[in-house]
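Let's work through this model together, one feature at a time. Have the sequence and the 3D view ready.

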Amino acid sequence: MPTTTALEGLTEDQLLAHAETVARAQREAEAETLRIAVQHAILNNADRLDRDEARRPGREQAKRLGGAGTPEVLEFAPAVLGARLQMSTGAAHSLMADALDIAHRLPRLWRRVEALQVKASYARFVARKTRDLGVEQAAYVDRRVHQAADGRIPWTRFEALVEGAIAASDPAATAEREREAATRQFANPTRSTDAGLRGFYVRAPLHVIARLDAMVTHIARILLELGDPDPEDQRRVKAVLILTDPERARELLAHYAAWQHRSDDPAAADPCAEHEPASPRTGPKPEVDWAALMPTVVLFLHAYAGAQETGIVRVEGHGPVTDDWIRRHLGPHATITVTPVCDLDGQAPVDAYEIPDRHRRAVHLMTPADTFPWGACLSRTQQIDHTVPFRHGADEGAGQSRVGNYGPMTRFHHRIKTHGGWQVQQPFPGIYVWRDPHGAIYLVDHTGTKRLDQAGQRQHQAASRAELFFRDALTLAA
């Protein structure tokens, strides 16, 4: 089946008709993907679990992915499906959970999805929103929203319809959720790192936010009166920085009050005054020591200093910024320490099972992401797996713990690799070749994940010589 159509020769009517055909094909594919997820759950049902084996540490368990009323599924099943669909294990877990909820708890929506009358995305939204509801409450929402889920109303109105149906499905439970929501207070940084900036979100009772807003507004106004030329929004950000140091904030407020209430000429006393003022109206204009307000924070910056510099610096945990951003924002306030580049090739192997810190640093620099197919985690706290399992009692000098035999993974992916029937080889440091329990082969390297099929061809174009070599090596080893 051709994947592209020559569009240049189509009339406008033909092009629009083709667009409708493509939209229908997309809807068919999305509905079929949900059906595949349901069937995959059926094939990986809890009855397949070896109960004796499951009692051993780290072994696979049966889990309920969806809401009440959905069947339990083998917990490693999403990893296999996710790899075939070229998505992360977490995304496949969500797909299976949504599909099971739609099929078992939202039957009206399910029928309309299968009939291509409702987009899968609409049904999945309802599934996620109703996951914590009981079976009867979910059925009530299904009855209330299934007709409007075909796109007849704008998305924002559909969201409001679903939220209202959830509230009406069990008013007492809704009231309880509202009370619980009131206790979920937090003050956390956001994940956004756009252009080197990041947010900080505070969820708190109304009076707390009102007080915080009033104080930020007051200090921003003080900065304006002290001659700060920045716009109001930037002065409000500076006010938040000042509030991070309560002692300096108190001093600023006190010095500002003394400076604000002094006379223009403190030496010119009022001869008609009967009493001296309670406090002298004197004092220098307050100055904000911005450098002193900056806390000690360690940021890891990765820059390429080769012959062809890119001008881009990666701030670990935040994302890419330009070197100009570093100079403007960190230069005036930060102490930048240039450390020697970690020599990835000069890491001596060790015989101990415990992984030295220098090896962990080298592995993180070489392979910062989870090495499982389509792994998404970038945390330094990932577990470091021995690609070739460590053999206790091996000959001295075997050097089993070495760069080239490590792979960072989340704990869940580590369990899948160890107990889930997956195989992995690392023919060169930082290059991983995986085989799933059904024989599909994946190449994971610094560029991401690629699927290699049985014939040795990539799904897109001809495989590279390296990929063919890895595929042949695995085939011979099988």
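Q: Let me start with one residue. Where is Ala-127 found?

A: Ala-127 is found in helix H6. Helices (H or I, at least four residues) and strands (E, at least two) are DSSP runs, numbered from the N terminus. Before we go on, please note that this is a predicted model, in which local features need pLDDT of at least 70, side-chain atom pairs count only at pLDDT 80 or more, and totals for chains, interfaces and linings use all residues. Residues are numbered from 1 along each chain as its sequence is written, and side-chain values use heavy atoms, with hydrogens and water left out.

Q: Is Ala-127 buried or exposed?

A: Buried means under 20% relative accessible area, exposed means over 50%, and partly exposed is in between (1.4 Å probe, protein chains only). Ala-127 has 0% relative accessibility, so it counts as buried.

Q: Which residues is Ala-127 in contact with, leaving aside its neighbours within four places in sequence?

A: Contact means heavy atoms within 4.5 Å. On that basis, and with those neighbours left aside, Ala-127 is in contact with Asp-98, Asp-101, Ile-102 and Leu-106. Take Asp-101: it is 26 residues from Ala-127 along the chain, and the two C-alpha atoms are separated by 5.8 Å.

Q: What do the totals for the protein look like?

A: The protein has 17 helices and 13 strands. Of its 478 residues, 32% are buried. Among contacts with a separation of 6 or more, 54% are between residues 24 or more positions apart.

Q: How do I read the packing of two helices, say H1 and H4? What is the angle between them?

A: Axes are lines fitted to C-alpha atoms, for helices over the stretch in contact, and angles run from 0 to 180 degrees between N-to-C directions. Helix H1 (residues 12-43) and helix H4 (residues 89-105) pack at about 90°, and their axes are 8 Å apart. Angles under 35 degrees count as roughly parallel, over 145 as roughly antiparallel, 65 to 115 as roughly perpendicular and the rest as oblique. H1 and H4 are therefore roughly perpendicular to each other.

Q: Which residues in H1 and H4 meet?

A: From H1 come Thr-33, Leu-34, Ala-37, Val-38, His-40 and Ala-41, and they meet Leu-95, Met-96, Ala-99, Leu-100, Ile-102 and Ala-103 in H4. By class, this contact has 10 nonpolar, 2 polar and no charged residues. For the classes, Ala, Val, Leu, Ile, Met, Phe, Trp, Tyr, Cys and Pro count as nonpolar, Asp, Glu, Lys and Arg as charged, and the others, Gly among them, as polar.

Q: And how do H5 and H7 cross?

A: Their axes come within 7 Å and cross at roughly 45°. H5 and H7 are therefore oblique to each other. In this pair, Pro-107, Arg-108 and Leu-109 in H5 meet Asp-142, Arg-143 and Val-145 in H7. The contact of H5 with H7 has 3 nonpolar, no polar and 3 charged residues.

Q: Which residues of H5 are buried?

A: In helix H5 (residues 107-114), the buried residues are Leu-109, Trp-110, Arg-112 and Val-113. They cover an arc of only 165° around the axis, which puts them on the same side of H5. The arc is that of the directions from the helix axis to the C-beta atoms. The buried residues of H5 pack against H1, H4, H6 and H7. Just after H5, Leu-116 takes a positive phi of about 65°.

Q: What span should helix H8 have?

A: The expected span of a helix is 1.5 Å times one less than its number of residues. Helix H8 (residues 155-169) has 15 residues and should span 21 Å, which agrees with the 21 Å between its end C-alpha atoms.

Q: Which residues of H8 are buried, and which are exposed on the other side?

A: Phe-158, Val-162, Ala-165, Ile-166 and Ser-169 are the buried residues of H8. Seen down the axis, they fall within an arc of 100°, so they line one face of H8. On the other side of H8, Thr-156, Arg-157 and Ala-160 are exposed. The buried residues of H8 pack against helix H6 (120-129), helix H7 (135-145) and helix H9 (171-183).
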